Amino acid sequence: MSESEAGEPILALYSSAASHRLYDEQVTELEHALQAGLLADEAGAPPELIVAALLHDIGHLVVNDLVPIDQPLTSDARHEEAGARYLRQWFDPRVCAPVALHVAAKRYLCGVDESYRATLSASSVRSLEVQGGPMSTPEQVRFRSNERWRDAVALRLWDDGAKRADMSLPSFDEWLPLINHVASSTPG
Ligand SMILES: [Fe+2]
């Protein structure tokens, strides 16, 4: 893939009206993405995982499934799969697998750590039931059989932390060199 092929359509999605809608009570989709990318960067994650954190919810923009936080959620559009499918045109599993697994990672963490659920935002609690609820023990074993499960858990914790109203953020454009670098270094 050429460098320009990845950054331009991704930037268009994060410049769209949908990206400025509230993701939860505190932040927009765009702010949520920028905060998740920043947290991964601050944690010293490899470039592919930083890109995964930044773009983990791109599926919400692709399938346009956001339901206002004050309304009930009755179905799951599986935004994590839509996002991973979209990203596969430029990126390999180092980026796409943690994106695809970030909802499973929430269900996993709810299954293995009772105190984790209390840390979730209202929007994450609301979506938990339609996403399948906490993982059972056999589901946890299956989840850990994925070689990217640790990346998915790390991404999930940045995701959960990326809902702050008081964070100063760079513009999305500043991430384009990294997005394009990771896309161009992905084996074609
Ligand atoms: Fe998220």
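The axes are lines fitted to C-alpha atoms, for helices over the stretch in contact, and the angles run from 0 to 180 degrees between N-to-C directions. The model on screen is predicted: local features need pLDDT of at least 70 and side-chain atom pairs count only at pLDDT 80 or more, while totals for chains, interfaces and linings use all residues. Residues are numbered from 1 along each chain as its sequence is written, and side-chain values use heavy atoms, with hydrogens and water left out.

**The whole chain**

Begin with the entire chain in view. It has 11 helices and 0 strands; helices (H or I, at least four residues) and strands (E, at least two) are DSSP runs, numbered from the N terminus. The radius of gyration is 16 Å, close to the 16 Å that the globule rule gives for 188 residues, so the chain is as compact as a globular protein of that length. This radius is taken over C-alpha atoms, and the rule is 2.2 Å times the number of residues to the power 0.38. Along the principal axes, the C-alpha atoms fill a box of roughly 45 × 35 × 30 Å.

Of the 188 residues, 51% are buried, where buried means under 20% relative accessible area, exposed over 50%, and partly exposed in between (1.4 Å probe, protein chains only). A contact means heavy atoms within 4.5 Å. Among contacts with a separation of 6 or more, 75% join residues 24 or more positions apart.

**Helices H2 and H3**

Select residues 29–42, helix H2, together with residues 47–55, helix H3. Their axes lie 7 Å apart and pack at an angle of about 155 degrees. H2 and H3 are therefore roughly antiparallel to each other. Their crossing is right-handed; a crossing is left-handed if the near helix is turned anticlockwise from the far one by less than a right angle, and right-handed if clockwise.

Show the side chains next. Ala33, Leu34, Ala36, Gly37, Ala40 and Asp41 of H2 meet Leu49, Ile50, Ala53 and Leu54 of H3. By class, this contact of H2 with H3 has 8 nonpolar, 1 polar and 1 charged residues. Ala, Val, Leu, Ile, Met, Phe, Trp, Tyr, Cys and Pro count as nonpolar, Asp, Glu, Lys and Arg as charged, and the others, Gly among them, as polar.

**Helices H2 and H10**

From H2, His32, Gln35, Ala36, Leu39 and Ala40 meet Trp158, Asp159 and Gly161 in H10. The classes here are 4 nonpolar, 3 polar and 1 charged residues.

Most residues other than glycine have a negative phi. Phi of Asn64, however, is near 55 degrees, a positive value. At 47% relative accessibility, Asn64 counts as partly exposed.

Arg78 has its place in the loop between H4 and H5. Its phi is near 55 degrees, a positive value in a residue other than glycine, and Arg78 is partly exposed, with a relative accessible area of 41%.

**Helix H5**

Which residues of H5 are buried? Select residues 79–87: helix H5 is mostly covered, with 7 of its 9 residues buried. These are His79, Glu80, Ala82, Gly83, Ala84, Tyr86 and Leu87.

Select Val103, found in helix H6. At 4% relative accessibility, Val103 counts as buried. Leaving aside neighbours within four places in sequence, Val103 is in contact with His79, Glu80, Gln131 and Arg156. The C-alpha atoms of Val103 and Arg156 are separated by 7.7 Å, although these residues are 53 apart along the chain.

Finish with H6 (residues 93–112) and helix H9 (residues 137–144), whose axes come within 10 Å and cross at roughly 135 degrees. That makes H6 oblique to H9; the crossing is left-handed. Leu101, Ala104, Ala105, Arg107, Tyr108, Gly111 and Val112 in H6 meet Glu139, Gln140, Phe143 and Arg144 in H9. This contact has 6 nonpolar, 2 polar and 3 charged residues.

Definitions and conventions:
Parallel < 35°, antiparallel > 145°, perpendicular 65-115°, else oblique.
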